[in-house]
Structure formats: structure tokens, C-alpha cells
Amino acid sequence: MIYASATVDVDVLVTIVLSLCGAFVLVGLAILLIKLIGTVGRMNHLLDEISPDLIESVDKIPKTVDNLNVIVENVVDMTDDLANTLPVVLENVESISDAGGETVTSIATLITAITDSLGDFILKIRQPLQTIRTVGGTLYKMSRTMSKKMKDREKEKKVKNRRKKSKFA
């Protein structure tokens, strides 16, 4: 019988184990690098696909902002015109009929204050579309209030005329 024995130094064994571990780590890093390169390639492809649409959208933003600024400026001009025109109209109405003169003056003051407030509000607002909707609602309410006041005034005239007629009858 032949007995054979082999001895390996611990230094050699540690070197072999560390070399194998290093080789496995290098293979893992290579696989990770390949996957990373693939992901970056897909991201570049995706960016290439959406870049034209994104550039087109970004190019339209200044025009849209300019259009919104024009709209806001027009609304401010309209409120300024209303602030100037409504008191004159109300003064003419007051000169035509003395009935309800104080009411008309207070309405003119109220409308002037509202339109001045609206002008300041529009200049300070950050969302022009919301501003336009708000101004439209306020103008609608003002027109309803004016219409109601005018109807009330006409009713007062009719009552006065009836009283005058009944005094002469």
C-alpha cells in the first residue's frame, strides 16, 4: 500500500481563495456594468423619442405666457374703462331722475371700488385663467346688481307717478 499525502501551505490556500473571490467580484461587477450600460442606452433612446415633443412644448411656453399677459392686460384695461365709464353713466342717470339719487351715487362708489379692487387683484394674481373667471363672475354680479337697482328705481318712479296721479284725481 502506498500512502501519499499532499501538504498545502495556508498562505497558498488563502491566496487561492482570495483570487477566486476576486474573480467572482470582477465577474459580478462586469455583469452590473453591462446592465447599467443597457439601462443608460434605453434612457437615451427614451430621451431621443420625447425630445422633439418636449422641445416643441417648451418653445410654445413663451407664446402662451405672452398671450396670457395680453389677456390680463385687456382685462385690466376693461376694468379701468369700467371704472371711468360707469360713474359717468350713473351721473347721467342721476341727472335724468332725482329719485334714488343717493342710491345711484352709492352704487357708483361701490362699482368704482370694486373695479379698482379688481384691477389691483388682476395685477397681483399669479394664475391668469383663474383671474379671468373671477372677473367674469364679478362683472356678472355687478350687472345683476345694476339691473336690480335700475328695476327698483323704475318701481320707485311708478309709485311716485301713481301717488301724483292719485293726488290730482
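Lys-60 counts as partly exposed because its relative accessibility is 47%, where buried means under 20% relative accessible area, exposed means over 50%, and partly exposed lies in between (1.4 Å probe, protein chains only). This is a predicted model, in which local features need pLDDT of at least 70 and side-chain atom pairs count only at pLDDT 80 or more, while totals for chains, interfaces and linings use all residues. Residues are numbered from 1 along each chain as its sequence is written, and side-chain values use heavy atoms, with hydrogens and water left out.

Lys-60 forms a salt bridge with Glu-56, the closest N and O atoms being 3.4 Å apart; a salt bridge is taken as a side-chain nitrogen of Lys or Arg within 4 Å of a carboxyl oxygen of Asp or Glu. Side chains of opposite charge can pair when their charged atoms come close. Both Glu-56 and Lys-60 belong to helix H1, four residues apart, about one turn of the helix; helices (H or I, at least four residues) and strands (E, at least two) are DSSP runs, numbered from the N terminus. Glu-56, at 43% relative accessibility, likewise counts as partly exposed.

By this rule the count comes to two salt bridges, and in the other Asp-152 and Lys-148 meet through their side chains, at 3.7 Å from N to O. Asp-152 and Lys-148 are separated by about one helical turn because they are four residues apart in helix H3 (residues 128–168). Asp-152 is partly exposed at 27% relative accessibility, whereas Lys-148 counts as exposed at 54%.

The residues of these two bridges are listed here with their relative accessibility.

| Residue | Relative accessibility | Class |
|---|---|---|
| Glu-56 | 43% | partly exposed |
| Lys-60 | 47% | partly exposed |
| Asp-152 | 27% | partly exposed |
| Lys-148 | 54% | exposed |

Patches are made of residues with over 30% relative accessible area and no salt bridge, like charges being joined within 9 Å and nonpolar side chains (Val, Leu, Ile, Met, Phe, Trp, Tyr) within 5 Å. Lys and Arg count as positive and Asp and Glu as negative, with His and the chain ends not counted, and the place of a charge is taken as NZ of Lys, CZ of Arg, CG of Asp or CD of Glu.

Asp-77 is placed in helix H1 and, at 41% relative accessibility, is partly exposed. Positive charge gathers in a surface patch of Lys-151, Lys-155, Lys-158, Arg-162 and Lys-165; Arg-162 has its place in helix H3 and is exposed, with a relative accessible area of 58%.

Val-8, Val-12, Leu-13, Ile-16, Val-17, Leu-20 and Phe-24 make a nonpolar surface patch of about 680 Å², with accessible areas coming from the Shrake-Rupley method with a 1.4 Å probe and, for residues, only the protein chains shown counting as cover. Within helix H1 lies Ile-16, which is partly exposed with a relative accessible area of 44%.

Turning to the whole chain, the protein has three helices and zero strands, in the pattern α-α-α along the sequence. Of its 169 residues, 15% count as buried, and the chain exposes about 13,800 Å², of which carbon and sulfur atoms supply 64%. Among contacts (heavy atoms within 4.5 Å) between residues at least 6 apart in sequence, 74% join residues at least 24 apart.
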